[in-house]
Amino acid sequence: DGKKHFSGLTEREFLFTDSLILVETSYCIPDVSIKEAYDVYMSEEFRTNVMPQVESFTTKGSLYCTKSEGIFGIIKPGDYCYKAKEKRDEKTIIWRSSFHSVSQGELYQPFYFREEVLTFVEMDSGVALYRATFTRSADLSSTSKYFLRTTVDSSQGSIRDQYYEWLQEK
């Protein structure tokens, strides 16, 4: 809800902010190195086996591509690539991505905007991970937004639990 996060918006600005979808997650992962946390989270195997609707995840240099299944009656399948920039030191990795290309047409969900930031911070007890993804697609009805938000919210605990399990196996 754009009005919940911003004040003093013009009608046009409100329509834009109200159409954004923000997914935020944060994890505190004990007894793991920053390299292990990053490598697992960014791996094709983790993305395609754990993250809902992700069919494929490929990388080529700084270009990352995702193909995703749709959610019947809510959104169509997605096929998009994004360019990433990374900053790191011994205890921190910051990864930011922006759209590079997106498949268009009747078969695909039209995406207009996607920005993502991942921050991995090594601490004495393990690693903290923060993820924020902003997406703007074709306007969704309030019912579709509700079902999408419910689906995303319900999947976050499962992703976290499986992430912990994958890290324990490393």
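Gln 156 is found in helix H5, which spans residues 142-169; helices (H or I, at least four residues) and strands (E, at least two) are DSSP runs numbered from the N terminus. The structure is a predicted model, in which local features need pLDDT of at least 70, side-chain atom pairs count only at pLDDT 80 or more, and totals for chains, interfaces and linings use all residues. Residues are numbered from 1 along each chain as its sequence is written, and side-chain values use heavy atoms, with hydrogens and water left out.

Gln 156 is buried, with a relative accessible area of 15%. Here buried means under 20% relative accessible area, exposed over 50%, and partly exposed in between, with a 1.4 Å probe and protein chains only. When residues up to four places away in sequence are not counted, Gln 156 touches Val 23, Thr 25 and Tyr 27, a contact being heavy atoms within 4.5 Å.

The chain comprises 5 helices and 7 strands. Their order from the N terminus is α-α-β-α-α-β-β-β-β-β-β-α. The radius of gyration is 17 Å, close to the 15 Å that the globule rule gives for 170 residues, so the chain is as compact as a globular protein of that length. This radius is taken over C-alpha atoms, and the globule rule is 2.2 Å times the number of residues to the power 0.38. Along the principal axes, the C-alpha atoms fill a box of roughly 45 × 35 × 30 Å. Of the 170 residues, 39% count as buried. Among contacts with a separation of 6 or more, 53% are accounted for by residues 24 or more positions apart. The chain exposes about 10,300 Å², of which carbon and sulfur atoms supply 53%; accessible areas come from the Shrake-Rupley method with a 1.4 Å probe, and for residues only the protein chains shown count as cover.

The largest nonpolar core has 29 residues, and those with the most contacts inside it are Tyr 41, Phe 46, Tyr 64, Trp 95, Phe 120, Leu 129 and Tyr 163. Such a core is a set of buried Ala, Val, Leu, Ile, Met, Phe, Trp, Tyr and Cys residues joined through side-chain atoms within 4.5 Å. Helix H3 (residues 34-41) gives the most to this core, with 5 residues.

Ala 84 lies in strand E4 (residues 78-88) and counts as buried at 11% relative accessibility. Leaving aside neighbours within four places in sequence, Ala 84 is in contact with Ser 62, Tyr 64, Trp 95, Arg 96 and Ser 97. Ala 84 and Trp 95 are 11 residues apart along the chain, and their C-alpha atoms are separated by 6.7 Å.

The structure holds 1 disulfide, defined as a pair of cysteine sulfur atoms within 2.5 Å. It is formed by Cys 65 and Cys 81, with sulfur atoms 2.0 Å apart. The link of Cys 65 and Cys 81 is right-handed, with 105 degrees about the S-S bond. Cys 65 lies in strand E3 (residues 63-68) and Cys 81 in strand E4, so the pair ties together parts that are 16 residues apart in sequence. Both partners are buried, Cys 65 at 17% relative accessibility and Cys 81 at 13%. Cys 28, by contrast, is exposed, with a relative accessible area of 55%.

A search of the whole structure finds 6 salt bridges, each being a side-chain nitrogen of Lys or Arg within 4 Å of a carboxyl oxygen of Asp or Glu. One of them joins Asp 39 and Lys 35, whose closest N and O atoms are 2.5 Å apart. Because Asp 39 and Lys 35 are 4 residues apart in helix H3, about one helical turn separates them. Asp 39 is partly exposed at 36%, while Lys 35 is exposed at 57%. Another salt bridge brings together the side chains of Arg 88 and Glu 86 (2.6 Å, N to O); Glu 86 is partly exposed, with a relative accessible area of 33%.

Arg 114 is located in strand E6 (residues 111-123) and is buried at 8% relative accessibility. Arg 114 forms a salt bridge with Glu 116, the closest N and O atoms being 3.7 Å apart, and both residues are buried. Together with Arg 131, Arg 114 and Glu 116 are linked in a network of salt bridges. Arg 131 is also among the residues that Arg 114 touches beyond four places in sequence, as are Tyr 80, Tyr 82 and Phe 134.
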